[in-house]
Amino acid sequence: MATGRKRIIDNIDEVNSEQIKELMLLHLKYTRGKDWRSATPFDLLSSFSTAIMDLCVDRFIATQRAYVDQDAKRVYYISMEFLTGKFLENNLIALGVYEQGCQALKELGLNINDLLGLDVEARLGNGGLGRLAACYLESMATLQLPGYGYGLRFEYGIFKQDIIDGWQNETPDHWLTLPFPWEMVRPEFTLPVHVYGRTEKRLTSDGKPRSVWVDWQMFEGVPFDVPILGYGVNTANILRLWQAQSSVGFRLDAFNEGDYERAVAQKNWAENVTKVLYPPDSTGAGKELRLLQEYFLVTCSIRDMIRRYKKNHNTLHAFGEKTAVQMNDTHPALSVAELMRCLIDDESLPWNSAWEITRKSCAYTNHTLLPEALEKWPVDLLSNMLPRHMEIIYEINQRFLQRLELESPDNPERLAALSLIEEGEARQVRMANLAMVGSHAVNGVSAMHSDLLRTHVMKDFYALSPEKFTNVTNGITPRRWLKQCNPGLAALITDKLGDEGWLRDLEQLRGLEQWAEDADFQRAFNQVRKENKRQLAEHILDATGVVVHTNAIFDVQIKRLHMYKRQLMNVMHIISQYLSIKANPKQKVVPRAYLFAAKAAPSYHIAKLVIKLINNVARRINDDADVAGRIKVVFLPNYNVTWAERIIPATDLSEQISTAGFEASGTGNMKFALNGAMTVGTWDGANVEMAEHIGEENMFIFGHRVEEIERIKSEGYNPWDLYSNNKQIQEVMDAIRGDLFAPERPGLFGELFEELVQRGDMYCYLADFMPYLEVQERISAAYEDQAEWTRRSILNTARMGWFSSDRSIREYAENIWQVQPIPINMTDYHYANGVQ
């Protein structure tokens, strides 16, 4: 086996199919303990994946050794979510051995698609936040930047969604049932984690008082490393995922005494920390577990950074020059307090030095304009779980407010707005405020979002420190979101542009503009889309039993279910169209397949009610003889990255219809447009910048803008008036409230009627509904002119180059992190041992 392994390493830049085949067979025998006759499909997937993992590990070791040898400044991206998708195909492409891998399998009588279908998707995220983090890690590696991801190794992810009688049903998602070939456990870097207890004052050796955390409970964090490959380069960075385990384990003494629950109580308590992503916080226990998860992520990651830094340094004074800690949203905001605790308590630095290092190291990305997403934790809960951190937060706040009071001695309202502590009956710690005070940079994720942070959500902080605030508009990696998910279109682009240079410089797509009106290119472009629609139709039939026709507009809304994202407004349009068809069955209808996919938070009742409505509307419309299949409605269960990779390349129309001023950016909108889908959307999030680059004439923009929504609300927005005075709105809302879509349970959807008509319509559904109907009429008319639709579709793809995550990461690297690329030369590190 050693001889075969050595040949692979010696030819690391020129791997051929014979070597991959040989290595796969070696792993089948020596890793899986099987011969060809006894191998199961899992054995074949595992041995092939492990062979490819070997090629990743060579680069992984070389990369980490180079960072240590060159004492590189490193970026640490801390995120509660990393929605990576499947690794096998991605790694084959990144390594440049996809064709060789296919050939190796073919020679063994296997098909690559069969193995790719068995590959497991890591369930480490829920939506856009986690997918963005995954894109950013991939771009950091592709740009050869020393970057690390830190996350949690959730055993069950968020949940598996089943649809039962139209309702969302949540079950555990056992994605780790079988061994995950892309990770490496690192028990030697296991860290103790302290929680609860109390603090007491003690004197140091020089007689100064210091606070000491005592009587804590302890469990452990075990790291698992996943290599993140750069495309077409040798860089392989690390995604380090922490898993919680008990420091005590099984209590044999209790078991022998017959106390079986006590025997495993400590073990179960510790392991619960990384069981499920986002446990419901509607109960006290759920809220406590969420905070525990966030602290567990932060304390393990910060101390691991310090350990890595100490490989090259004897003191912590240069930590801020060598470390960039990027907090991806508010979940890791405790990084500020934890880094201060480590520097003061563990490293004995004075407060001012520790604070300077902390602020120089930390930066904060805000991803939301929703007040409920700007986390706040009860002071009592934080004091009980993390007493030392609560002391540090108090001290940070006191020093901060003292400085503000000197600047504005007669402005208590300003102090109250900026304070880290929200006073009231139940005092709370404002985690976003902690992140902003403890960071040297704060950024939004689209131009509009960043502007609203400055003028609304964080206006007091912006007035205090305008130099901190910047914008980095989100981006997506074209390697996964075009080359991998849409190989037909990628091949067509490469054929026209001459090579694959566009995958590393997406602005080269501009070269397609000259063929936007070329009949032959339009025909080839549409042929790719037609084949993608055919494949998706097969998946839809397998998953739901619904037949959709490829001549229909594939009208798609796939994203987390939230009322501000307005999936319900999409359904309202479908209901309006259905009522129109029922009134006049012989009318001309441009065929459409309305495709939905979304998960609702388990405790988000009204969002789950929307899912039920979508499914009931689908059942009614799809079975109605008057409709005659001209429109179909489909809800695809258990939405994930794999479903997105199937749906996006087949989409004609992308629904990005959030209430203006509520979507921070969005990245789904970018993925659709990159693959040639037309966008119907509001003037919100990154839709605005997409319109600037693509051309508003190549999108379908509708609805009230932020300033208009503010105006109508300030003037006393009354949705009841719109309902009472508009027949179309009235018909749709009455159909929802009545028994048309719930004959077996009349009034089931009455709460949706009340939310929009009687409770203030917070997200302005009724205000935007008539403009939405009007733009949908324009879309149907536009689709009938296929040559013009295709021209605009091609321009969408051609003008999306700016939205590459490579551009986003370059902006972070230059403006926030000040980090430089470190090219990896494999010849220098062929036989490097160990992980740094």
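Start by selecting Arg 388 and Glu 391: their side chains make a polar contact at 3.0 Å (a pair of N or O atoms within 3.5 Å; within protein, one must be able to donate a hydrogen and the other to accept it, and residues adjacent in sequence count only if both atoms are side-chain atoms). This is a predicted model, where local features need pLDDT of at least 70, side-chain atom pairs count only at pLDDT 80 or more, and totals for chains, interfaces and linings use all residues. Residues are numbered from 1 along each chain as its sequence is written, and side-chain values use heavy atoms, with hydrogens and water left out.

Arg 388 sits in helix H15, residues 387–407 (helices are DSSP runs of H or I, at least four residues, numbered from the N terminus). Arg 388 counts as buried because its relative accessibility is 9% (buried means under 20% relative accessible area, with a 1.4 Å probe and protein chains only). Beyond four places in sequence, the contacts of Arg 388 include Thr 199, Trp 213 and Arg 341 (contact means heavy atoms within 4.5 Å).

Next, pick His 449 in helix H18, residues 447–457. Buried or exposed? His 449 is buried, with a relative accessible area of 0%. Show the side chain of Asn 366, which makes a polar contact with the His 449 side chain at 2.9 Å. Then show the backbone nitrogen of Val 445, which lies 2.9 Å from a polar atom of the His 449 side chain.

Last stop: the second largest pocket. Select Glu 89, Asn 113, Gln 484, Cys 485 and Pro 487, which lie nearest its centre among 38 lining residues (a pocket is an open set of points on a 1 Å grid over the protein atoms alone, where a 1.4 Å probe fits, with protein on both sides within 12 Å along at least five of seven lines; lining residues have an atom within 4 Å of a point). Which helix gives the most to the lining? H22 does, with nine residues.

Terms used:
Helices (H or I, at least four residues) and strands (E, at least two) are DSSP runs, numbered from the N terminus. Buried means under 20% relative accessible area, exposed over 50%, partly exposed in between (1.4 Å probe, protein chains only).
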